[in-house]
Amino acid sequence: MQSGKRESQPVRRLALTSAVAGVALLGCATPAVANQGAADLNPKQSEGTSSTENPKLAAARHRLNKAEAALTKAHQDLDTAQEEKAKADSDKDRSTRIHGEKRTAYNQARNTPALTQAQHRVETATAEHDQAKAAFDRAQQEVTRLEHLESGSGATITELTEARDQAKAALDHAELTTASRRAAAAEADQLRPQGTAGYFKHKGATGAYNILTDSGYGDKTHGSIQLGQSGDATSIDQMLETLQWLDEANRIRTAEGKRELQVSDTLMAMAQADADWSRDNNNDHARVFPIGENLIWTSPTSGYNPFDYWYTEEKGNKVKGEGETGHYENVINDNYAFTGFAISNASNGMMTMAQTFQFTAPSVTRSLDPNLYWAGNHNSSTADYFQDINDYLNFLDNAQAELTSAQAAETAARADLDARQRALDAAQSGPSPSTGLIAARSVRDLARTNLDVADSNLTNAQAALTAAQAAVDSDPDVVAALRALNEANDNLSKANHAIALADSNLATARRNLADALAERAAAYQELTAALVSGGLGVDNRPVDGVVTGTPGTVISQTGKPAKPSDQRIVPQAPAGGPGRLALTGSDSLIAAAAAASLCATAMGAFAIRRKVLF
């Protein structure tokens, strides 16, 4: 027996060395195996000495199990993606075919004799118009040539006539501009004294305008309003002053996590009316309009801020649970969406400030008459509102200057027309034209008449075509065909989307398969290294070049679930502890086979990745 063991060792060394050499020839040399020569094998292990399992081998088994599971799933996902791609291709072909059929059916439904005849008439009228235009152009060129010959280097009658006509058109435009500027200047003169009411009227906010000017809209407040007067809430300067406080209100609301309020024309007018009334009536609320409102009365001082009281002081009251908090709650009420603000100065130096609030604007459901307050209302940010007011002031300031400029332009245009007309009159009073020029002008005039007729015929033909198209498009059969075509368009669009999605899923599945093959190859490499290092137990021998991670597990070299024809079941380890190591000459060959297998797997993964990437 001793002699048999000694004789088996050289054979084992030779087998391991040859296997390693075989792996190297395959182009997948693994240093961990290549450095493991026969001389490195533990003689005691080769003679059947007991040894517990190497932890590296257990880890390699676990990694291989995971890699095999991932590879199986990757194959399944690829199969599913290929099936989905095939179905998407089939659906796309079917949708394309149906779309073509519906398009043909729609075109046939619209191809009525009346529509075809109308289209033909438009084509004929277009051709006749083009011919008439070409004939007129030729005749005009001949007239121009002869006029140049008879007038020497001077302008021709035609050219002078065209110049006169252009000057007349310029004067017509100048007169229209002057009329528009005159109306604007008159409007500016009328609006300026009305202060903010003039602003509201100019922008079409009739509800806001009526609140300030019509006692029927605010009979209680109407008597206190002094339109446009200095210090009154309806002064444009006072309204500009309010915008800083509207910004301050929004700054506070933003800090509190509330939405910003928009400025409303109607709420601005209500605030102005209420501020003026409060100024004259013991600093009380007018309670005329369906709004929320904050009021404050003070003597104007530098640095004064109404929100020091409405917000800061009353927020402290809210925290302490005592004192007034209504103004604070108005400022931060998240249900409010729109606001207005006004400042009114009294003759005794006191100042009244009012801020109005509303949930919705226009809020026709909150007023007795839907047209009472909110007609023509505009809502905007404070920045936009400020810009709009400045544009209005520029209109007031520039209206008279623009009128003066327009009047000067009109005077110049009239003088130019007079000069052009005198030049034409002088040319026409010169020597009589030759017989040839007279004949050319007659031909030109006839060509112009023919062109006018062609223009009219083309216009009529186009109108008839439009009517014929409308009649066809309203036909029930055409409507049904169009509906079917639109449905086919939608289905084709969905099919194209499905194709794109299927292509993307298929590419992803191929990449995942390549990654899974690469991971299994790496797992094989790790397991092979563990085998060569002497960590294989007798009951976990590699089967067909693939090592099982758990006794009884079936693994195939293909990467897919093993078929009955290519699988072997590793027997369970005997009771009483882990398997014992007993390397033989064939163990080395098995290790080399595993390495060769991982090389093939890696080559397969590379091939798939090339397919995906290129």
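Here are some exercises with worked solutions on this predicted model.

**Exercise 1. Get your bearings.**
Work out how many helices and strands the protein has, and what share of its residues count as buried.

*Solution.* Start with the secondary structure: the protein has 16 helices and five strands. Next, burial: 39% of the 614 residues count as buried. Finally, look at how the chain comes together. Take the contacts with a separation of 6 or more; residues 24 or more positions apart account for 76% of them.

**Exercise 2. Check the length of H10.**
What span should helix H10 have, and how far apart are its end C-alpha atoms?

*Solution.* H10 covers residues 265-280, which is 16 residues.

Now look at its surroundings and its ends. Of the 16 residues of H10, 15 are buried, so the helix is largely enclosed by the rest of the structure. At its start, a side-chain oxygen of Ser264 comes to within 3.3 Å of the backbone nitrogen of Thr266. Just after the helix, Asn282 has a positive phi of about 55°.

**Exercise 3. Describe H9 from end to end.**
What caps the N-terminal end of H9, and what follows the helix?

*Solution.* Begin at the N-terminal end, where Ser235 does the capping: one of its side-chain oxygens lies 3.3 Å from the backbone nitrogen of Asp237. Move along the helix: H9 has 20 residues and reaches 30 Å from its first C-alpha to its last, close to the 28 Å expected. Its buried residues include Ile236, Met239, Leu243, Leu246 and Asn250. After the helix comes Gly257, whose phi is positive, near 80°.

**Exercise 4. Two helices against H13.**
At what angle does H9 (residues 236-255) cross H13 (residues 382-428), and at what angle does H7 pack against H13?

*Solution.* Take H9 to begin with. Its axis and that of H13 come within 10 Å and cross at roughly 170°. Angles over 145 count as roughly antiparallel, so H9 is roughly antiparallel to H13. The crossing is left-handed. On the H9 side, the contact is made by Ile236, Met239, Leu240, Leu243, Leu246, Asp247 and Asn250; on the H13 side, by Thr382, Tyr385, Phe386, Ile389, Tyr392 and Leu393.

Then H7. Its axis is 11 Å from that of H13, and the two pack at about 95°. That makes H7 roughly perpendicular to H13. Gly198, Tyr199, Phe200, His202 and Lys203 in H7 meet Tyr385, Asp388, Ile389, Tyr392 and Phe395 in H13.

**Exercise 5. Look at one residue of H7.**
Which residues does Lys201 touch, leaving out those up to four places away in sequence?

*Solution.* The residues it touches are Gln190, Leu191 and Tyr209. For Leu191, ten residues away along the chain, the C-alpha atoms are separated by 8.0 Å.

**Exercise 6. Two buried residues.**

*Solution.* Gln358 is in strand E4 (residues 351-358). Its relative accessibility is 1%, so Gln358 counts as buried. A polar atom of its side chain lies 2.8 Å from the backbone oxygen of Pro290.

Ala399 is in helix H13 and, at 2% relative accessibility, also counts as buried. Leaving out residues up to four places away in sequence, Ala399 touches Arg181, Ala184, Ala185 and Ala188. Ala183 is 216 residues from Ala399 in sequence, yet their C-alpha atoms are 9.2 Å apart.

Terms used. Residues are numbered from 1 along each chain as its sequence is written. This is a predicted model: local features need pLDDT of at least 70, side-chain atom pairs count only at pLDDT 80 or more; totals for chains, interfaces and linings use all residues. Side-chain values use heavy atoms; hydrogens and water are left out. Helices (H or I, at least four residues) and strands (E, at least two) are DSSP runs, numbered from the N terminus. The expected span of a helix is 1.5 Å times one less than its number of residues. Buried means under 20% relative accessible area, exposed over 50%, partly exposed in between (1.4 Å probe, protein chains only). A polar contact is a pair of N or O atoms within 3.5 Å; within protein, one must be able to donate a hydrogen and the other to accept it, and residues adjacent in sequence count only if both atoms are side-chain atoms. Axes are lines fitted to C-alpha atoms, for helices over the stretch in contact, and angles run from 0 to 180 degrees between N-to-C directions. Angles under 35 degrees count as roughly parallel, over 145 as roughly antiparallel, 65 to 115 as roughly perpendicular and the rest as oblique. A crossing is left-handed if the near helix is turned anticlockwise from the far one by less than a right angle, and right-handed if clockwise. Contact means heavy atoms within 4.5 Å.
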